[in-house]
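Subject: Handover of a structure, with notes

Dear colleague,

Please find below the structure that I am handing over to you. My notes on what was found in it follow directly after.

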Amino acid sequence: MTELAAVKTALKTQAVETPSWAYGNSGTRFKVFAQPGVPRNPREKLDDAAQVHAFTGAAPTVALHIPWDKVDDYGALAKYAQERGLKLGAINSNTFQDDDYRLGSICHPEAAVRRKALDHLLECVDIMDATGSKDLKLWFADGTNYPGQDDIHERQDRLAEGLAQVYERLGDDQRMLLEYKFFEPAFYMTDVPDWGTAYAHCLKLGPKAQVVVDTGHHAPGTNIEFIVATLLREGKLGAFDFNSRFYADDDLMVGAADPFQLFRIMYEVIRGGGFTPDVAFMLDQCHNIEAKIPAIIRSVMNVQEATAKALLVDGAALADAQRAGDVLAANAVIMDAYNTDVRPLLGEVREELGLDADPVSAYRRSGWGEKIAAERVGGQQAGWGA
């Protein structure tokens with residue numbers, strides 16, 4: 001098999017999980033902008049997700065968010081997804097929107113609130129059982145705003161205790177994915193602020209606990225690819241939440257602000273053996289002013305482009321330059337791959353899969369956007385808190 005054929009084969013295996021909430025209305029803390037045709041329930045979200053997969057061929061799973069995607073029959077929802085060529089992916093918990101969580105959830109100083117949060121997390125595992133999902137994704141808004149507000153050591157003890165109880169509930173083929181975020185909504189101290197904290201808890205829990213890297217959850221200047229390389233080396237990288245940022249957790253389309261960073265991340269993924277189904281490539285984005293479905297298609301394409309460029313890095317030439325201490329030659333190998341226009345290559349890959357070479361244009365020609373705008377009239381649109 002030629003090198004180019006091997007790259008094509010690898011690209012055909014890539015899968016990007018789309019988030020159900022990205023199909024709904026979203027916004028900033030100032031305003032949520034509603035759009036025509038936005039889904040009103042989880043099934044309509046899956047209908048839209050099926051369009052993304054139909055035109056990209058690379059988005060076969062959809063992450064759910066509980067209770068935003070709560071239904072009476074999760075088995076029936078999984079069947080509905082299957083009928084549309086999809087599977088249900090990670091189950092995302094929500095321990096940040098209830099009034100009881102003002103001072104935290106599983107790190108809360110009151111046992112009753114911790115119990116409520118824990119019950120919700122265990123409910124999410126029940127939903128995993130019903131949907132066939134393998135991943136429970138946990139992000140906690142827990143933290144404090146002022147020095148002395150609560151005891152940092154005790155909060156870590158509460159966190160460890162809660163995580164351990166959830167971990168024990170997981171099935172043999174299920175895993176816990178622990179996400180981190182260095183600030184917001186807590187501004188003095190966040191209970192899971194960085195990859196080291198998440199890693200420490202996952203290491204103590206065991207092999208079914210792994211770390212999620214959200215590309216928007218780092219301080220400015222953080223070398224995310226170093227984090228990726230380290231977690232892969234330790235066998236603890238479980239998933240990505242792909243988005244892009246200029247200032248903080250902007251949740252823009254992945255690759256929008258710094259496509260070179262996305263390329264560097266994907267190179268480390270490939271270099272470290274992470275280009276496998278064991279590392280979930282998920283989107284976590286808020287499409288506040290742009291049309292939802294074409295924006296998600298664009299995001300999937302951006303991940304594919306960064307991956308294609310990373311696969312084109314000449315590993316042998318890079319290793320030679322590194323061993324020789326030739327700084328410029330080594331950097332040139334990386335830059336040559338990054339500067340390659342891979343769009344024609346990806347167009348060929350899609351056509352070989354029986355797809356249109358340009359997914360965005362194909363979607364626009366399909367008329368799906370106009371169809372849902374005309375049909376989804378009345379009811380309550382999905383969005384933040386719904």
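I begin with Asp251, which counts as buried at 10% relative accessibility, where buried means under 20% relative accessible area, exposed over 50% and partly exposed in between, with a 1.4 Å probe and protein chains only. Asp251 lies in the loop between β9 (237–242) and α8 (259–271), and has a positive phi of about 55° although it is not a glycine. Helices (H or I, at least four residues) and strands (E, at least two) are DSSP runs, numbered from the N terminus.

Before going further, please note that this is a predicted model, in which local features need pLDDT of at least 70 and side-chain atom pairs count only at pLDDT 80 or more, while totals for chains, interfaces and linings use all residues. Residues are numbered from 1 along each chain as its sequence is written, and side-chain values use heavy atoms, with hydrogens and water left out.

Overall architecture

The protein chain has 14 helices and 10 strands. Its radius of gyration is 21 Å, close to the 21 Å that the globule rule gives for 386 residues, so the chain is as compact as a globular protein of that length; the radius is taken over C-alpha atoms, and the rule is 2.2 Å times the number of residues to the power 0.38. Taken along the principal axes, the C-alpha atoms fill a box of roughly 60 × 60 × 40 Å. Of the 386 residues, 54% count as buried. Among the contacts with a separation of 6 or more, 77% are between residues 24 or more positions apart, contact meaning heavy atoms within 4.5 Å.

Backbone features

Glu184, found in the loop between β6 and β7, also has a positive phi, of about 80°, although it is not a glycine, and is partly exposed with a relative accessible area of 33%. A cis peptide bond with omega of about 5° joins Glu184 to Pro185, and Pro185 is likewise placed in the loop between β6 and β7. The peptide bond from Ile66 to Pro67 is cis as well, with omega near 15°, and Pro67 lies in the loop between β2 (61–65) and α3 (74–83).

Charged pairs

The structure holds 31 salt bridges, each being a side-chain nitrogen of Lys or Arg within 4 Å of a carboxyl oxygen of Asp or Glu. One of them pairs Asp173 with Lys134, the closest N and O atoms being 2.5 Å apart. Asp173 lies in the loop between α5 (152–169) and β6 (175–179) and Lys134 in the loop between α4 (111–131) and β4 (135–138), so the pair ties together parts that are 39 residues apart in sequence. Asp173 is partly exposed, with a relative accessible area of 47%, and Lys134 is partly exposed too, at 42%.

Asp150 and Arg155 meet in a salt bridge at 2.8 Å, N to O, and Arg155 is buried, with a relative accessible area of 1%. The side chains of Glu154 and Arg158 form another, at 3.3 Å, N to O; being four residues apart in helix α5, these two are separated by about one helical turn. Glu154 is partly exposed, with a relative accessible area of 41%, whereas Arg158 counts as buried at 11% relative accessibility. Salt bridges that share partners join Asp150, Glu154, Arg155, Arg158 and Asp191 into one network.

Asp191 itself lies in the loop between β7 (189–190) and α6 and is buried, with a relative accessible area of 1%. Not counting residues up to four places away in sequence, Asp191 touches Cys107, Asp142, Gly143, Arg155, Gln156, Leu159 and Thr197. A polar atom of the Asp191 side chain lies 3.1 Å from the backbone nitrogen of Gly143.

A lysine without a salt bridge

Lys208, in the loop between α6 (195–205) and β8 (209–214), is buried yet has no salt bridge, the nearest side chain of opposite charge, Asp172, being 4.7 Å away; Lys and Arg count as positive and Asp and Glu as negative, while His and the chain ends are not counted. The side chain of Lys208 does reach the backbone oxygen of Leu170, at 3.4 Å. Leaving aside its neighbours within four places in sequence, Lys208 is in contact with residues including Tyr167, Leu170, Gly171 and Asp172.

Terms used
Polar contact = N/O pair within 3.5 Å; in protein donor to acceptor, adjacent residues only side chain to side chain.
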